[in-house]
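Colleague: I would like to learn how to read a few local features. Shall we go through them in turn?

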Amino acid sequence: MSLTAAAAISEHIVPSEKALSTSDKSLDRTGDVETAIVDADNEEGVLSDERDIATHVISVDDDPSLNPWTFRAFFIGIGLSAFGGVLAEIYYFKPQTVLVSLMFLAVVSYILGVFMETFIPRRGLLRYLNPKENAFVVIMASASANSALGTEVLAVQRLYYNITPNAGASVFLLFSSQLLGYGIGGMMRGTLLYPSKMLYPGVLPLLSMFDALYEGGMAARKKLRVFYIVFTAIFFWELFPEWIFPLLTGFSIFCLAAPNNAVVSRVFGGTNGNEGLGFLSMGFDWQYISPGVNPMTIPLKAQFSNFLGYILCMVVFVAVYYNNIWKAQNFPFLSQLLFYENGTQYDQTLILNANYEVDPTLLAEQGVPYYSSTWGLAATSTHLLLWNWNDICSAWSWMNPSSIKNIWANFDWKFWQADGMRKQDVDDEDIDPHYKQMLKYPDAPNSWYFVVFLLSFVVALVVLYKTDSTLPCEGGASLFRSCWRQFSILFLGALAGITGLIFSVQTFVQMIGGYLHKGLPVANMYFVLYGYNTVYQAQLLLRDLKIAQYAKLPPRAAFTAQILGTLLGAVLNYIMMNSIIDNQREILLSVQGTNIWSGQQPQMYNSQAIAWGGLSYELFSAGQRYQWVPLAYVIGLFIPVPFWVIHRYWPKLRADYLYTPIIAYYIGWLCVGINSSNLSYFAVAFLSQWWLRTRYPRWFTKYNYIVGAALDGGTQVMVFILSFAVQGAGGTSHLFTTWWGANQGGNYDHCLMLN
């Protein structure tokens, strides 16, 4: 019954903006950190809230005559989806990880669309490529270009457990794991999509680019000229930090001054993977300044909390390592592997029996492994309950008896006959202006998303049995997963919509799965697949639906694009995975791999399944070595409370600037990867979201997001070209000749390379 009720959330009535956040005040006031300092004759004020940004940065206008259901849209959409799905899976097995990004897909789809427009002309307005076609293509290709997490499970089974699941069951495993989150996320659109407060700032550059490409008039031509200039400049610039002059990835005067100092390397180094924290290093490579999250788009409050977490992260990491907590100095400063106490890499195969379950006797012989000591979800729930109580109440308003009774009485079981027209007062000034424009189009009703969820759920139960998952399909585990999905999508989806930051809950789900299914690493992988991937896919669905809302793409077109892209991508992911494993099995099983193929990602996923799925009790229970990990989630529940109390009674202290989930999450931010561009990230963020927005609001409104789009687009196109041309994604790598600015034999910033 609860799922049926959930399916009817926001079916017809969307809460007004007043009802959603009566306590959220404008930040543009005297004495505030965001107070505008502009000329008296400046007619444009500071964009002080989400509604201002959504209505001034991108166009609210809509042309209902534009048709997304064209041959060109489907032809390019299916073709680009096939390209994205294949490419995403190839990248999964590469030593150099490259993602197929939204901006890259948008630029390619526009070029292909203009090509078809030029060489396949038609009469009338439909001859010209329109923004709704482009949005349709991008949403379809985006759904396909995310490598399905299910292929990771299947790859690990084939590589490490010699299990080859039935082909049909495997394909349906991918379908169900991808679409399950779509069903639940779609049923929460009333809270997580339609309101202005759910800004999804990360998609604004894309929509700003669409406006520049398709709108007429002098203002649009100026924006388009700025876009082309910045796009071209960053395109050629990226040749230098990416290939010719990689020292620009992170310029550290401390590394240059003390190139043989291990402490300097750990604290100030950061141009190479797992090198160091990158403190005070300045990066000039936009690929790493904008690593999936453009700093020019994230709201200032979220950036400020992010910065606090970044500072605390460095303090905590250095304190833990140099105080030798958990024998930290026995292991690398930054690492994602498991280790023996003496610092050598842990061999998890030595603790598994013939059924690939953890054997207590073998575990006693090998000993419990260690993590590198520099390896908060609960704060998210409490923070949103305190600061966004009205939003959360609105999301769960269907739980009261009268609402459930009304939903049951009015639920339309003949979903295929639903006309999709929503009963909403179009003259209500509190409705989001973009959503108001969408009311003229038939909706993809919640009954459609409920059917997607229901079919995915049933298919998931069947394939869990057919794929020898060892995961029980009945009882408390299934109930927990169902409750967890609804709970976490609501809270994490709200946080993603407000801040633009998507948080991973994989570790938490792995820990819970390990406690529910002790000593079963394969079961843990499937538990994570349906417990974590569902949440992640729901957030991607809602993000892409926000693109549709901003672009005024009819809801049923967006629904069709997402379903087609997801199904096509899953099939191609599976085909490519099997082909690569069949031909490169030995290389994928090797520790180092080659410069063309690598099994690093399935190796890591398998190691995590061993640690969390097989050894949760031995590592994380009370009294064990890492007991602080589950305790941290409990503590996180209470972290937001004092800041909320402070703001309630002493509002001038501006404690509302502190997003405690973001601070807690980013305390562990620097544990992996290249960290040399973080200072540049924050410099750009504060330049954009504070200085430009408050000092030059007119320029910010017109050009901030189009410049961000150009920087992302030009960078990603060049990175894609270089990946295949010189960096080994398509064969032999061709590094630039070694010189002072390209230290090919060590760390690019000249810090000491540590063993």
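Modeller: Begin with how elements are named. Helices and strands are DSSP runs, numbered from the N terminus. Note that this is a predicted model. Trp326 lies in the loop between α16 (300–322) and β1 (338–339).

Colleague: What is the phi of Trp326?

Modeller: The general idea comes before the case. Most residues other than glycine have a negative phi. Trp326 is not a glycine, yet its phi is positive, about 55 degrees. Trp326 is partly exposed, because its relative accessible area is 28%.

Colleague: Where is Tyr200 placed, and is Tyr200 buried or exposed?

Modeller: Tyr200 sits in the loop between α9 (189–192) and α10 (204–214). Phi of Tyr200 is also positive, near 50 degrees. Buried means under 20% relative accessible area. Tyr200 has 5%, so Tyr200 is buried.

Colleague: Which residues does Asn675 touch, leaving out those up to four places away in sequence?

Modeller: Asn675 is in the loop between α31 (660–666) and α32 (678–695). Asn675 is buried, because its relative accessible area is 3%. With residues up to four places away in sequence not counted, Asn675 touches Gly270, Gly276, Leu277, Gly278, Leu334 and Leu670.

Colleague: Which residues gather in the patch of positive charge on the surface?

Modeller: Arg221, Lys222, Arg225, Arg698 and Lys702 form that patch. Two elements, α11 (218–237) and α33 (697–725), each give two or more residues to the positive patch. The most come from α11, with three residues.

Colleague: How is Lys222 placed, and in which helix?

Modeller: Lys222 belongs to helix α11. Lys222 is partly exposed, because its relative accessible area is 38%.

Notes: Residues numbered from 1 in each chain as written. Predicted model: local features only at pLDDT ≥ 70, side-chain atom pairs only at ≥ 80, totals over all residues. Heavy atoms only, no water. Patch = residues over 30% accessible without salt bridge, like charges linked within 9 Å, V, L, I, M, F, W, Y side chains within 5 Å. Areas by Shrake-Rupley, 256 points an atom, 1.4 Å probe, with all protein chains shown as cover. Salt bridge = Lys/Arg side-chain N within 4 Å of Asp/Glu carboxyl O. Lys, Arg positive; Asp, Glu negative; His and termini not counted. Charge placed at Lys NZ, Arg CZ, Asp CG, Glu CD. Helix = DSSP H or I, 4+ residues; strand = E, 2+ residues; numbered from the N terminus. Buried < 20%, exposed > 50% of the residue type's maximum accessible area, 1.4 Å probe, protein only. Contact = heavy atoms within 4.5 Å.
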